[in-house]
Amino acid sequence: LTKLGEVAGGDYKLAQKYFNYGIGVMVAVLDTGLSSDLSKAGGELERAIAKDFTNSSTGTEDVHGHSSHVTCHIGGKTIGLAPRCELRVGKVLGDTGSGSSIGIRDGIQWAVDEFKKSTTAETLIISMSLGSSQNSTTIHNAVKEAVKTPGVIILASQGNSGGSNGPGQTPTERGGFPGSNP
């Protein structure tokens with residue numbers, strides 16, 4: 001979003017053009033799923049493939065709304081910066097908002113597998129807006145393995161558990177997995 005302000009001066013349509021409308025990019029949002037009613041999330045999607053890694057009784061449905069909101073801002077036809085990107089949504093956080101290391105690992109691997117099957121995507125961006133105060137070797141290894149694939153970029157939040165920095169601490173020093181891991 002910093003680029004949006006710098007490049008387009010806040011002009012949404014100009015920003016879409018700058019980002020080439022997402023052509024050649026696959027974005028995988030690993031979060032709380034995908035709502036069947038995207039009107040609350042602010043947009044509609046031309047195409048998205050969703051998969052549940054939580055064994056939720058609601059399947060891929062996003063009961064929290066967060067993941068759908070993020071997905072629409074990325075690839076929504078009306079508000080997305082990259083409306084022509086290929087979208088994948090992995091529900092790795094269940095209906096209570098929490099998930100398992102195994103589900104997140106499987107979501108990462110699924111995203112990479114989907115990218116490898118694509119005939120048009122040159123770049124895969126995996127977005128994970130999730131966090132834990134505990135390190136997970138399972139997730140860490142999945143991330144390290146995923147980025148070995150050419151074209152894969154992983155964006156992970158850091159410090160999603162809330163709280164504030166201690167005196168003189170940066171968010172990285174405070175911790176917050178997975179974003180604080182190199």
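Strands β4 (residues 123–128) and β5 (residues 152–156) run parallel to each other and are paired over 5 bridges. One of the contacts in this pairing can be located by residue: leucine 124 has valine 152 of β5 as its bridge partner. These features are read from a predicted model.

β4 has another pairing, with β1. The two strands pair in the parallel sense, over 6 bridges. Another bridge joins valine 25 to threonine 123 in β4.

These pairings belong to a wider arrangement. An open sheet is formed by 5 strands, in the order β2-β3-β1-β4-β5, with parallel pairing. At the edges stand β2 (48–52) and β5; each has a single partner strand, so one side of each has no neighbour in the sheet. On average, neighbouring strands of the sheet are turned by 15° against each other, direction ignored. In general, the strands of a sheet pair through backbone hydrogen bonds, and the pairing is either parallel or antiparallel.

How many of the 10 residues of helix α3 are buried? The count is 7, so the helix, which covers residues 66–75, is largely enclosed by the rest of the structure. Buried here refers to a relative accessible area under 20%. The buried residues of α3 are Ser67, Ser68, Val70, Thr71, Cys72, Ile74 and Gly75. Their packing partners include β1 (25–31) and β3 (86–91).

Serine 127 is part of strand β4. Is serine 127 buried or exposed? Its relative accessible area is 15%, and the limit for a buried residue is under 20%, so serine 127 counts as buried. Leaving aside residues up to four places away in sequence, serine 127 touches Ala28, Val29, Leu30 and Leu155. Strand β1 spans 25–31, and β5 spans residues 152–156; both of these strands pair with β4, β1 over 6 bridges and β5 over 5 bridges.

Methods:
Residues are numbered from 1 along each chain as its sequence is written. This is a predicted model: local features need pLDDT of at least 70, side-chain atom pairs count only at pLDDT 80 or more; totals for chains, interfaces and linings use all residues. Side-chain values use heavy atoms; hydrogens and water are left out. Buried means under 20% relative accessible area, exposed over 50%, partly exposed in between (1.4 Å probe, protein chains only). Helices (H or I, at least four residues) and strands (E, at least two) are DSSP runs, numbered from the N terminus. Contact means heavy atoms within 4.5 Å. Two strands pair if DSSP finds at least two bridges between them. Axes are lines fitted to C-alpha atoms, for helices over the stretch in contact, and angles run from 0 to 180 degrees between N-to-C directions.
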